[in-house]
Amino acid sequence: MAGYLIKRLLIFVPTLVVISWITFGLSLMTPGDPVMGLCAQEGILMEGEYERCARQYGYDLPPFYLSLSPAAFPDTLHRIQPGYRRDMVRKLVAQTGNWEEITVYDQQLQKLLSVAGSLPDSLDRQKKIDLKQTLQELRGAYKHSQIDFQIGRLDSMASQTAFLPFLGEGASDLKTAWENVKSKATPKKLRIPDLKWYGAENRYHRWMAGLVTGDFGFSFQDKRPVGSKLGPALYWTLVLNLSAFALALLLAIPIGVHSALRKGSRLDRFFTVFLFGLYSLPRFWVATILVVFFTSATYAAWMNWFPSVGLGEVEAGASWAERFWVRAGHLLLPVLCQTYGLLAFFARQMRGSMLEVIGREYIQTARAKGLSETRVVWKHAFRNALFPIITLLASLFPASIAGSVVLEVIFSIPGMGFLTYQAIFSQDWPVVFSVLILGALLTMIGIWVSDLLYGLADPRVRLGGGPKT
Amino acid sequence: MAGLKKTKGFWRTLVVERFRSKRAAVWSLRLLYGFVFIALFGDFLANEKPLYCKLEGKVYFPVLLQYGEALGLYQWKPPLVKPRWRELPYEAVVFPPIPYSATTRDIKNTHFAHPFRGQRVESMRYWHWMGTDQLGRDVAAGLIAGARIALLVGLGAMAIASFIGILLGTMAGYLGDQGLKTTWLRVMLNAGGLYLGIFYGFISRSFQISEANAAGGAPLAIFTGLLWLIFFLALANGLSFLLEKVFRLSKKVRIPVDLLVMRSLEIMESIPALLLILVLAALIRKPSIWYVMVIIGLVGWTSIAQFVRAEMLKVRQQTYIEAAQAMGLRPWRIMLRHALPNALSPVLILIAFGVASTVLAEATLSFLGIGIGPEEVSWGKLLSEARSNFNAWWLAVFPGIAIFATVLIFNLLGESLSDSLDPGRDA
């Protein structure tokens, strides 16, 4: 048994590694520049500040241990800062495949940009603005027709007598560099696969090393560590889900056992139909209905039964009991919504599992021995019928945490689900992917615990090995 | 063989009769037909265009013409170019039962018109029976358009999930860890084919794919990439077939199919599905319900694979498989023609329950405002509008009933199917 569990635990390691690859791969596909997300205040970042920030958070490193890319791409592409400059170079290389010429073009453009930034005040202001705009357009341009057009504009601007002494040389250099890019294209290099190896100094490695030590990175939104946001969020999600689980079990066990014992009775048939309907009832619909009708006096004063959404206000010096009542009042509706779906599921499982046990021979034996009905039902049948439910619990718990996303959103409970929802809409990717990987970890722990419980509850189960001889 | 009469199979005699004997089952099936009807013919039920009209002596069928336009066969000609359909000088006209499309904005009835009172309409013919939303769009028309989306996502996603699940489950269950033997050469060549296929299909085309994505043509670009991948894999297998013949390679290695499938299944199961769907849907730049369908399908195959695998393990032990093997049939043929069909019918149960949970997942996603395009109308999106205005109870009630009814129908179907296929289950 212990051997099996350790083996399972070891299998989890490669699974978790693959999940981390998937998560990290998805995080590379997110829109926006992460360096801006981490360091920019309201979207603005100083020139030198960018490099410092990129270095601090490892964004000047290659993404992974190795990369598969066409031979046209250099293995130092990741060092180009900032992100939009790197994007332009990458997109240009992807079209013509001549890295050297494009580097020259890129550097000429950078030189011109710095010249344009320090033009004397005597020049016409509007023309300076036009010039800067043209150069900025070129910075982002990667389509050949677009670049041709902007370079033409730049040429005519630089040839004006006032600008000629400052820009003449730079503009013509840029033009030649761009002509070179086009004439010395090497598209063949784009067709040659090239596997590049970077070693352990990469972003994935850093990210994983951080995860192992509990460092989830920093939120783009408020630059706080993600871990400090996950903690309280996990607390509220656990409060919501644990109370729902407890409540659902408390109701499901008597309903399930009773239905199984009086199979076919009127009450059993009622419960079967009722629970089946309940099971199909979308939680977010019920939640919306409850919020719309019963948390405000919109329809009638007497219908304002429950406090509005959120967790409620608690004064700083409030006593424990006071705090509890406010929170409980606000959590009542979400817990109810989370409970009824679980209740329907558990009660059906309990009934089925109880029915199976009751038909067994050892129950007949117990009855034949003359044991009291209570003892037969609760001591012999119920305990055995509980195994499948227990294993179900452990694996269902992580799933139900993910499932409470929509309830947390509707009732504005600052749990994991609400956090994820907000993070997705504000493009706060570190939070999103931390939640994803944490969810996977919790699920795997859940599966492992359910294996453990199954083994503990039923000693006949010899997991992993065949029957012993 | 001439005297052999074709007997009714397992399906006809037992399953269908048992199914028909249940009231709930029969009713769920009838409701399903109704639901499918609404989804298929929604354009004829709720549309701002007339079904039939006579204008300047000529007869038109604008709803049909709308299909022609969508297929590229027809272009609107005057007087039908962007008209106000209600105000044309018709000589004769027949409007659909609900004379609004899901996206029609009734400017006289904006800001949540009540379904029972206070609507500004010329006659009861144009009454909004389920009210309107903030922009004046008819809720009943929205529900009809939503039915199509729900059915599309539900069936489409389950089709994808079933395909992957049945394929992987069959291979894992039937071949196991010992069943698939092949030469080292083929393994190496396939690995090479995969490497080249991924490179030429996706990596060297990544610029083109991202350009296509920005222009809204990502599916085609990805499909082309897949074709490249398939081409290289086919090339690798063709080459290894030839080389095996030429060099008479006979030394085989075993491919642990079951192990590989079970590991990938464990990985998929470990990532909370709803979270993964949320993240994937949020990553797509131009959201559309089609992506939601594909994503749910790609994530939802695990339970089907597990189930088919377990069934195949049972089927593999049967004597008719042994007989087929003794006859010298090829393993793929036995697997697909003899083993799989016998493991398949119980999968229907899973599919029925799967459609229910997919409809629920789609509604949840659009309720949260993730994955659905700005022009698309779905039940979850309508329901979410109720949150911004508590007064509009009709937006909270009607779409919810539609979602509940659909989920209930498919759950009932699944339940009735499992009773009919395995009557001893609950006895």
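Between chain B and chain A, eight residue pairs are in polar contact, both residues being at pLDDT 80 or more; a polar contact is a pair of N or O atoms within 3.5 Å, where within protein one atom must be able to donate a hydrogen and the other to accept it, and residues adjacent in sequence count only if both atoms are side-chain atoms. The model is predicted, so local features need pLDDT of at least 70 and side-chain atom pairs count only at pLDDT 80 or more, whereas totals for chains, interfaces and linings use all residues. Residues are numbered from 1 along each chain as its sequence is written, chains are lettered from A and ligands numbered from 1 in the order in which they are written, and side-chain values use heavy atoms, with hydrogens and water left out.

On the side of chain B that touches chain A, two or more residues each come from helix 6 (184-203), helix 7 (206-214), helix 9 (257-270), helix 10 (273-283), helix 15 (347-368) and helix 17 (393-421) of chain B. Helices (H or I, at least four residues) are DSSP runs numbered from the N terminus. Helix 17 of chain B gives the largest share of this side, twelve residues. The class composition of the side is 36 nonpolar, seven polar and eight charged residues, with Ala, Val, Leu, Ile, Met, Phe, Trp, Tyr, Cys and Pro taken as nonpolar, Asp, Glu, Lys and Arg as charged, and the others, Gly among them, as polar.

In total, 51 residues of chain B and 65 residues of chain A take part in the contact, defined as heavy atoms within 4.5 Å. The two chains bury about 5,000 Å² between them, 76% of it from carbon and sulfur atoms. Buried area here is the accessible area (1.4 Å probe) that two parts lose on being put together, summed over both. In chain B, the residues that lose the most area to chain A are Phe207(B), Leu283(B) and Phe390(B), which together make up 13% of what that side buries.

Three salt bridges are found across the interface of chain B and chain A, a salt bridge being a side-chain nitrogen of Lys or Arg within 4 Å of a carboxyl oxygen of Asp or Glu. Arg8(A) and Glu266(B) meet in a salt bridge at 3.3 Å, N to O. Over all chains, the structure holds 22 salt bridges.

Chain B is divided into domain 1 (1-47 + 136-180 + 255-427), domain 2 (48-95) and domain 3 (182-253), with bounds from an automatic or database domain assignment. The centres of domain 1 and domain 3 of chain B, taken over C-alpha atoms, are 30 Å apart. Five residues from domain 1 and nine residues from domain 3 form their contact. These two domains of chain B bury about 420 Å² between them, 52% of it on carbon and sulfur atoms. On the domain 1 side, Ile255(B), Lys286(B) and Tyr291(B) supply 76% of the buried area, more than any other three residues. Zero salt bridges are found across this interface of domain 1 and domain 3 of chain B.

One disulfide is counted over all chains, by the criterion of a pair of cysteine sulfur atoms within 2.5 Å. Cys39(A) is joined to Cys53(A), with S to S 1.8 Å. The link of Cys39(A) and Cys53(A) is right-handed, with 80° about the S-S bond.
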